[in-house]
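The sequence and structure go in first.

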Amino acid sequence: ANYIYGVAKPDGLTLATFNASLYFEQLIGRKEVQFDWPKMTWIGSSTPATRLFYIRADSPYASIPELRKAADPPKCGTAGRGTTGYILPKLFEESLGLKLALVSGYPGGVEVDLAIEKGEIQCNSTSLSVYFGREPFHSWRKKNFVRVLLQTGRTRDSRLAEVPTIFELMDQYKAPEESRRLTNLFLDAGRFGSWPIVAPPGVSAERVKDLRQAFVKAVSDPALVGEANKQQLDVELIRAEELDRLAKEVMGQPKEVIERLRELLGK
């Protein structure tokens with residue numbers, strides 16, 4: 001993100017994609033941040049990243065109420081601070097009172113999946129599209145290896161109709177307003193899509209128009225959509241104009257929410 005913002009030439013020939021939750025780092029004022037989120041040249045994205053939280057089915061904790069009372073919190077795997085795998089469990093602790101233990105240092109999602117299979121850890125969060133789109137989740141669902149306990153969408157996905165949303169659970173457990181605002185801030189990252197694409201600031205208006213139109217055509221291409229359907233992957237276009245508006249919106253947070261975010265991320 002620093003490179004695309006401050007080093008790459010603004011000629012439209014260099015594009016980047018990165019974790020959409022990076023704007024948290026700017027909000028809390030990390031010194032490593034050398035970009036301004038709203039000033040990125042947004043090209044487009046796809047598939048809002050609704051997340052879900054799952055746990056091994058042989059875990060002694062089979063429900064949200066049980067996790068709220070866990071005497072020996074289950075271990076959830078993550079690459080480290082700033083990643084969705086780290087942030088979401090912290091959010092669940094904050095807004096729902098879950099008791100979870102984070103194990104950091106895994107290189108990526110594949111290694112976390114393997115650690116769950118080996119029994120090193122018991123829980124993790126992933127996107128809805130990944131859960132229904134690839135292994136090991138196809139096999140896990142067939143074997144009932146894991147149990148999904150919550151989802152982050154505003155409404156329940158039809159494939160997980162019995163699984164409550166985090167918003168339903170916040171109502172059930174009467175989460176305080178500050179926790180609700182923090183939850184919305186976190187989950188807004190999913191509205192940027194799985195992997196948003198940006199160009200440097202200062203790209204000419206004509207080139208930006210070309211890039212955005214090309215992205216829309218690519219994501220809407222019948223061959224791409226057909227291939228995604230074969231792999232059971234969701235494809236939903238998110239236009240640059242929506243990303244541009246959202247980028248400005250998420251940075252306009254009150255001081256108390258930013259301070260709570262800073263505490264939660266260990267700043």
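In which sense do strand β2 and strand β8 pair, and over how many bridges? I looked it up: β2 (residues 41–46) and β8 (residues 197–199) pair in the antiparallel sense, over 3 bridges.

**Ground rules.** I'm working with a predicted model, where local features need pLDDT of at least 70 and side-chain atom pairs count only at pLDDT 80 or more, while totals for chains, interfaces and linings use all residues. Residues are numbered from 1 along each chain as its sequence is written, and side-chain values use heavy atoms, with hydrogens and water left out.

**The open sheet.** Strands (E, at least two residues) and helices (H or I, at least four) are DSSP runs, numbered from the N terminus. Two strands pair if DSSP finds at least two bridges between them. I traced an open sheet of 4 strands in the order β1-β8-β2-β9, with antiparallel pairing. At its edges I found β1 (16–17) and β9 (237–239), each of which pairs on one side only.

I then followed β2. Threonine 41 stands opposite alanine 199 in β8. β2 is also joined to β9 by 3 bridges, again antiparallel, and there I saw serine 45 opposite isoleucine 238. Buried means under 20% relative accessible area, exposed over 50%, and partly exposed in between (1.4 Å probe, protein chains only). Because 5 of its 6 residues are buried, β2 is largely enclosed by the rest of the structure.

**Two loop residues.** Is threonine 47 buried or exposed? At 9% relative accessibility, threonine 47 counts as buried. I found threonine 47 in the loop between β2 and β3. Contact means heavy atoms within 4.5 Å. Leaving out residues up to four places away in sequence, threonine 47 touches Ser129, Gly193, Ser194, Asp234, Val235, Glu236 and Ile238.

Glycine 202 sits in the loop between β8 and α10 (205–220). Glycine 202 is exposed, with a relative accessible area of 63%.

**β7 and a pocket.** β3 (residues 51–56) and β7 (146–151) run antiparallel, joined by 5 bridges. Phenylalanine 53 stands opposite leucine 150 in β7. Since 5 of the 6 residues of β7 are buried, I wrote it down as largely enclosed by the rest of the structure.

Which strand gives the largest share of the lining of the second largest pocket? It is β7, with 4 residues. (A pocket, on a 1 Å grid over the protein atoms alone, is an open set of points where a 1.4 Å probe fits, with protein on both sides within 12 Å along at least five of seven lines; lining residues have an atom within 4 Å of a point.) I counted 15 lining residues, of which Arg147, Val148, Leu149, Glu162 and Val163 lie nearest the centre.

**Helix α13.** In α13 (residues 255–264), I found Val257, Ile258, Arg260, Leu261 and Leu264 buried. They cover an arc of only 160° around the axis (taken from the directions from the axis to the C-beta atoms), which puts them on the same side of α13. The buried residues of α13 pack against α2 (23–27), α4 (84–96) and α9 (177–187).
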